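This briefing sets out the secondary structure and selected helix contacts of one protein. The sequence and structure are shown first, and the points are then grouped by topic.

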Amino acid sequence: MKNKPAVLIFMLFTSLFLLAFSPFEKEASESVEGRKKYAVGEMAEAENEFSKAAKRLENNAEAYYDLGNALQSQQKYEEALEAYKKSLESGNATQKLRADIFHNMGNSFAGLGKYQDAEKFYIRSLEEEPSKDTAENLEIVRRIIAQQKEQEQQQQNQDQQKNEDQEKQDNQEQNQEDQEEEKKENQEQNENPDNEQKNEQNQQSAEQNDENNGQNDEENSSANDDDGETQDEENGSSAEEQDDEQNGDDKSKESSVLKQFKQRKNLQISPFMLKKEQKSDSDQTW
């Protein structure tokens, strides 16, 4: 924060101013020595003396208040707040001292960067006793709080804008990916017709080959059938010729035998009996 050094210097000056006019109910040698060290800027020695005085003067509001101022001057804000609380808890702090304690507690919270807490204690100090210095410190922390809120709002706006820009960029990248994917699909679709045409040509060639093979098979089958029929016809003709020859021989034999039996009129025999086999079981011949 740009105004922080000026704020701390102003608060330190205020603390020194309030310390110089603190109304002590009881005085201790350690407290006197501590104020001397504090005045010359020897804060560590002043802290040591005020700590001794607080232990010796139990429940002394001024001793703890002085100790808190020495700790705050060394930027030991947490320890200073504890000392101020003990000063208030003693129960014997006057209204003026309570106003000073609340004022310096506001300074400690401001030193810790807890400006809203500082604002609360400045207001409590003003409620105890109006003070120009306290009012000015209150105005300073309120400006700081307003500035912080403005910075937070700006940061939120920047984060929101950043998120929107990132979302926009993501959408653009997604759109680009979609376009590339669509382009790729179109390219594949444009290439597919050639492949389909080739497949159709191959299929037609295969069908033509099958058709040619079928025709060849039919021709071969017809040829085989014709050959078979011719062979069968030839075989049949040969068989018929053989049968005719055999029958011719049989008829000629039958004729010669019949001639003999026709001369023997007393022999009762039918011509059909001559068609039986010439040889019998006893090898006798008619």
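**Briefing on helix packing**

In helix 7, the buried residues are Tyr115, Ala118, Glu119, Phe121, Tyr122 and Ser125. The model is predicted.

**Overall architecture**

- Read from the N terminus, the order of elements is α-α-α-α-α-α-α-α.
- Of the 286 residues in the protein, 24% are buried.
- Among contacts between residues at least 6 apart in sequence, 53% join residues at least 24 apart.

**Helix 7 and its packing with helix 6**

- Helix 7 covers residues 115–128, which is 14 residues. From first to last C-alpha, helix 7 reaches 20 Å, close to the 20 Å expected at 1.5 Å a residue.
- Helix 6 (residues 95–111) packs with helix 7 at an angle of about 165°, and their axes are 8 Å apart.
- Because angles over 145 degrees count as roughly antiparallel, helix 6 and helix 7 are roughly antiparallel to each other.
- The crossing of this pair, helix 6 and helix 7, is left-handed.
- On the helix 6 side, the contact is made by Gln95, Arg98, Ala99, Phe102, His103, Met105, Gly106, Asn107, Phe109 and Ala110. Helix 7 contributes Tyr115, Asp117, Ala118, Phe121, Tyr122, Arg124, Ser125 and Glu128.
- By class, the residues of this contact divide into 9 nonpolar, 5 polar and 4 charged.
- Tyr115, Ala118, Phe121, Tyr122 and Ser125 are among the buried residues of helix 7, and these residues also take part in the contact with helix 6.
- An α-helix has 3.6 residues a turn, so residues three or four places apart point the same way.

**Helix 2 with helix 3**

- The axes of helix 2 (residues 29–39) and helix 3 (residues 43–56) come within 8 Å and cross at roughly 160°.
- Helix 2 is therefore roughly antiparallel to helix 3.
- The crossing of helix 2 and helix 3 is left-handed.
- Residues Ser29, Glu30, Ser31, Glu33, Gly34, Arg35, Lys37 and Tyr38 of helix 2 meet Met43, Glu45, Ala46, Glu49, Phe50, Lys52, Ala53 and Arg56 of helix 3.
- This contact of helix 2 with helix 3 comprises 5 nonpolar, 3 polar and 8 charged residues.
- Glu33 belongs to helix 2 and is partly exposed, with a relative accessible area of 32%.
- Glu33 and Ala46 are 13 residues apart along the chain, and their C-alpha atoms are separated by 7.5 Å.

**Helix 3 and its surroundings**

- Helix 3 has 14 residues and reaches 20 Å between its first and last C-alpha, close to the 20 Å expected at 1.5 Å a residue.
- Met43, Ala46, Glu47, Glu49, Phe50, Ala53 and Ala54 are buried in helix 3.
- The buried residues of helix 3 pack against helix 2, helix 4 (61–73) and helix 5.
- Lys86 is located in helix 5 (residues 77–89) and is partly exposed, its relative accessible area being 43%.
- Between Lys86 and Ala54 there are 10.0 Å in space, C-alpha to C-alpha, and the two are 32 residues apart in sequence.

Conventions:
Residues numbered from 1 in each chain as written. Predicted model: local features only at pLDDT ≥ 70, side-chain atom pairs only at ≥ 80, totals over all residues. Heavy atoms only, no water. Helix = DSSP H or I, 4+ residues; strand = E, 2+ residues; numbered from the N terminus. Expected span 1.5 Å × (residues − 1). Buried < 20%, exposed > 50% of the residue type's maximum accessible area, 1.4 Å probe, protein only. Axes fitted to C-alpha atoms, helices over the stretch in contact; angles between N-to-C directions. Parallel < 35°, antiparallel > 145°, perpendicular 65-115°, else oblique. Left-handed = near helix turned anticlockwise from the far one by under 90°. Contact = heavy atoms within 4.5 Å. Nonpolar A, V, L, I, M, F, W, Y, C, P; charged D, E, K, R; others polar.
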